[in-house]
Amino acid sequence: MKTSLFGRVRLGYVLVESEKLDQWERFGAEGLGMQAERLGEHALGFRIDAHLRRLIVTRGPAEDVQALGWQVDDEAALAEIERRLALCGIALHTGSEADAILRGVLRFVRFTGPKGQPIELFVHARTPPSAPRVRGGGFVTGASGMGHVAITTREPEAALAFWQDIFDARVSDYIEDKLDGVQMDFTFLHLNERHHSVAIASTRKPRMDPIRTRIHHLNLQAAEFDDVADALLRCRQLGFEIANSIGQHPNDRELSFYVVTPSGFEMELGWRPCLVPQDQPWTTTVYQGISRWGHFPENLTRANKLRRVGRALLSMTRTEQTLNTRAIHEHP
Ligand SMILES: [Fe+2]
């Protein structure tokens, strides 16, 4: 019998692989204001709240996200996810003790999601007794998790079905926009009261994926607007590339800016996104335009544009990995 997972899953941590640990430390600690911790020669951990780790960077050549870690309320919810994955023939692997320690969790399991994206699941995070040493007012996490990820895909229907079928994600709203002359569709999914934990972005046909990395951006929520403005100024002064200066999205109304991480995907730091109230009616709106105002692109150089076009065209020659979750409907 299918039990609902809505409200029981949240973004827990993000694991990155990079050769640029020094740059990441400067970016995360001095730029964004997170607490950095060197974990030996080859890894770096960041703390922003009660959890020991929210962002982990291990040394390696990928310059990309290696896994998205999702926190699940309890063992019963985890068992339900495992049941659904098993129905779909998706294999789960238990992570090693050393890898669990690295991630700051007690235990985790791992499987390969859409687009070959490794997805990890855990119930209990390690929570040290000390308070996190972060700049300003800190970060907003709690029951709705550490923020959101935006993922580009050439298979948006399959990606949406995956998040809806496996995690009971619900559509918050849609945005349509023409970016760089290409018509884009964005679907925003909430897994809990956070307006979205996952955003799925795709080009309207022909389907292309101009993004090299597994996510377009990771969003973190700052407690105060001043923290967003201060971080923008610090990142700019430290020489990190600002992708979009401060602006506001029409749907979650978050005020945010986007900065390019040392690994090439972007980090969005925002303030006060709206929640999707669960006890009141919610109208699913289709918005026109990704931003109400601002978000002025600062790094749209000719070279960057050409790189994107090249990657978009190249992506059409490859098949993107999808997961078939239809079995869940046949065996509810
Ligand atoms: Fe975002």
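Guide: A term is needed at the outset: donors are N, O and S atoms within 2.8 Å of the metal. Please also keep in mind that this is a predicted model.

Visitor: How are the donor residues of the iron ion spaced in sequence?

Guide: The iron ion is coordinated by His 148 and His 217, each through NE2, and by Glu 268 through OE. These contacts have lengths of 2.1 to 2.2 Å. Written as a pattern along the sequence, the spacing of the donor residues is H-x68-H-x50-E.

Visitor: How many residues apart in sequence are the parts tied together by His 217 and Glu 268?

Guide: His 217 belongs to strand S13, residues 217-222, whereas Glu 268 belongs to strand S16, residues 266-271. Because the two residues lie in these two strands, the pair ties together parts whose separation in sequence is 51 residues.

Visitor: Is Glu 268 buried or exposed?

Guide: A residue is called buried when its relative accessible area is under 20%. Glu 268 has a relative accessibility of 1%, and His 217 has one of 8%. By that cut-off, Glu 268 is therefore buried.

Visitor: Which residues of S16 point the other way from Glu 266, Glu 268 and Gly 270?

Guide: S16 is mostly covered, with six of its six residues buried. Glu 266, Glu 268 and Gly 270 point one way from the strand. Pointing the other way are Met 267, Leu 269 and Trp 271.

Visitor: Which residue of S16 is the bridge partner of Leu 220?

Guide: Strands of a sheet pair through backbone hydrogen bonds, either parallel or antiparallel. S13 and S16 run parallel and are joined by six bridges. Within this pairing, the partner of Leu 220 is Leu 269.

Visitor: Which residue in the hairpin of S15 and S16 takes a positive phi?

Guide: Strand S15, residues 255-260, runs antiparallel to S16, with six bridges between them. One of the pairs is Leu 255 with Trp 271. The hairpin has five residues between the strands, and the positive phi, near 105°, is that of Gly 264.

Visitor: Which are the edge strands of the open sheet of 10 strands?

Guide: The order of the sheet is S17-S10-S11-S12-S9-S13-S16-S15-S14-S18, and its pairing is mixed. An edge strand here pairs on one side only. The edge strands are S17 (286-288) and S18 (293-294).

Visitor: What angle does the direction of helix H4 make with that of S12?

Guide: Helix H4, residues 156-167, packs on the sheet and touches S10 (170-179), S11 and S12 (198-203). Its direction makes an angle with that of S12 of about 165°.

Visitor: What is the relative accessible area of Leu 189?

Guide: Leu 189 lies in strand S11, residues 182-190. Apart from residues up to four places away in sequence, Leu 189 touches several others, among them Leu 160, Trp 163, Val 171 and Ile 200. Leu 189 is buried, and its relative accessible area is 0%.

Visitor: How wide is the arc within which the buried residues of helix H1 fall?

Guide: In H1, residues 21-31, the buried residues are Leu 21, Trp 24, Phe 27, Gly 28 and Gly 31. Seen down the helix axis, they line one face, because they fall within an arc of 155°.

Visitor: How far apart in space are Ile 90 and Thr 325, C-alpha to C-alpha?

Guide: Ile 90 is placed in the loop between helix H2 (75-87) and strand S6 (93-94). Leaving aside residues up to four places away in sequence, Ile 90 touches Leu 85, Phe 111, Thr 112 and Leu 323. Ile 90 and Thr 325 are 235 residues apart in sequence, but their C-alpha distance in space is 9.4 Å.

Visitor: Which residue of S4 is the bridge partner of Ala 43?

Guide: Four of the five residues of strand S4, residues 55-59, are buried, so S4 is largely enclosed by the rest of the structure. S4 pairs in the parallel sense with strand S1, residues 9-18, over five bridges, and Glu 17 stands opposite Thr 58. Strand S3, residues 43-47, runs antiparallel to S4 and is joined to it by four bridges. In S4, the partner of Ala 43 is Thr 58.

Terms used: Residues are numbered from 1 along each chain as its sequence is written. This is a predicted model: local features need pLDDT of at least 70, side-chain atom pairs count only at pLDDT 80 or more; totals for chains, interfaces and linings use all residues. Side-chain values use heavy atoms; hydrogens and water are left out. Donors are N, O and S atoms within 2.8 Å of the metal (3.2 Å for Na, K and Ca); water is not among the atoms, so sites may look incomplete. Buried means under 20% relative accessible area, exposed over 50%, partly exposed in between (1.4 Å probe, protein chains only). Two strands pair if DSSP finds at least two bridges between them. Contact means heavy atoms within 4.5 Å. Axes are lines fitted to C-alpha atoms, for helices over the stretch in contact, and angles run from 0 to 180 degrees between N-to-C directions. The arc is that of the directions from the helix axis to the C-beta atoms.
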